[in-house]
Amino acid sequence: MSLTCFCSHTIRCISDRISYRVWSCSGRKMNRAKLGTMVNGNNCYSSKVVVNDPKLLHQKKAAIRLAGPSKFQVIADFDNTLTKFWVDGCRGQSSHALLQQDNPEYNAKRDELFNYYHPIEYDPQIPIDEKTKLMVEWWGKTHGLLIEGGLTYDAIRNSVANAVIAFREGVVELFEFLEERDIPVLIFSAGLADIIEEVLRQKLHRTFKNVKIVSNRMKFDQNGNLVSFTGKLIHSLNKNEHALDMAASLHDHLGEVDDQMMDSASVKKRTNVLLLGDHMGDLHMSDGLNYETRISVGFLNHNIENSLDSYRKGFDIVYLDDAPMSGVVKLVSELFSPASD
Ligand SMILES: [Mg+2]
């Protein structure tokens, strides 16, 4: 993979020794003409949205609108779903990848783990039960290195400040619209809750009472040193298992989360769901919920030509090429704004 890139962000990323997780700017090139032809056989690429079954989507919207906001919730993936795949033309960092400990030796150790386990994560030849054990091993070792390497909350704060990470345009509008209607947003991630919350604080400059992070959570001592992790370990292969139950069992809050809005019974009574993800596996995020109506939105950020067919079959709506969140904002406003009644 070429790492040729002339933007300052990527140069900074490379200097931070995480270049293996950064795609070159040239990697963004794609055959747009061909893609435009392959979407429904006509050129709808310019709109960057694909709806496989418009009639079914219309029915789902009508059912959700009829039930109202009190029956509705949003379940969202974080990396590359709420955040951009590309930031200023360069590959954005994930909430895990952005973390830099003060002790560089431990950053190198975590990089070594990534280089060893990441190919395993995507190796189709490895049985899922064996792969799951290896993912537990990877996450466990990584968390151990964070503690052993003396991670501090200040390092998290600095890492986020220096990170190549940005929310999609429209995320604030989406959260605000949902907050005004007391609609919960559960963010599921196999990353680190404390980092995600810091990204929210630094990049959005505010908190939302309706947003809750379900992810691996750190415990710091009074001096701001990481001492342990709390709760069940969430890795890439168990992220969706009982995620709603994990959400209900967490008591750490972002800002002034409304407990009543977020308690288990309340969440499970909200049987209409808007699911946001960027990976086919994200479709399972709603598995713990016996939902009545679900609208699934997929962000297909790269490898579009090879993945579009499966995404359009899996998701009700597919946004292409790192699209903004404005389409989702429009969707929820159609569902719940008085003008659409
Ligand atoms: Mg993701």
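A residue is called buried if 20 or more other C-beta atoms lie within 10 Å of its own, exposed if 12 or fewer do, and partly exposed in between, with the C-beta atoms placed from the backbone. The model is a predicted one, in which local features need a pLDDT of at least 70 and side-chain atom pairs count only at pLDDT 80 or more, while totals for chains, interfaces and linings use all residues. Residues are numbered from 1 along each chain as its sequence is written.

**Confidence**

The pLDDT, which is the predictor's confidence in each residue on a scale from 0 to 100, averages 83 over the chain, and 78% of the residues score at least 70. Helices (DSSP runs of H or I, at least four residues) and strands (runs of E, at least two) are numbered from the N terminus. Confidence is lowest in helix α1 (residues 8–15), at a mean of 39, and highest in helix α3 (residues 54–67), at 98. Over residues 1–46 the pLDDT is below 50, and this stretch has 59 contacts in the model beyond near neighbours in sequence, a contact being two residues whose C-beta atoms, placed from the backbone, lie within 7 Å. Residues 251–258 also have a pLDDT below 50, with 15 such contacts. Where pLDDT is low, the predicted coordinates should not be read in detail.

**Overall fold**

The chain has 13 helices and 10 strands, and of its 341 residues 39% count as buried. Among contacts with a separation of 6 or more, 70% are between residues 24 or more positions apart.

Eight strands form an open sheet in the order β1-β10-β9-β8-β2-β5-β6-β7, with mixed pairing; two strands pair if DSSP finds at least two bridges between them. Because β1 (49–51) and β7 (226–230) stand at the edges with a single partner strand each, one side of each is left without a neighbour in the sheet. Strand β6 (residues 211–220) runs antiparallel to β7 and is joined to it by four bridges, and R217 stands opposite T230 in β7.

**Helix α8 and its surroundings**

Helix α8 has 12 residues and reaches 16 Å from its first C-alpha to its last, close to the 16 Å expected at 1.5 Å a residue, where the expected span is 1.5 Å times one less than the number of residues. Its buried residues, among them D194, I195 and E198, pack against α6 (153–161), β5 (185–192) and β6.

I156 lies in helix α6 and counts as buried because it has 25 C-beta neighbours inside 10 Å. Leaving aside residues up to four places away in sequence, I156 touches L99, D194, I195 and E198. The C-alpha atoms of I156 and Q101 are separated by 7.9 Å, although these residues are 55 apart along the chain.

Most residues other than glycine have a negative phi.

| Residue | Phi | Loop | C-beta atoms within 10 Å |
|---|---|---|---|
| H205 | about 60° | between α8 (193–204) and β6 | 8, exposed |

H205 follows α8.
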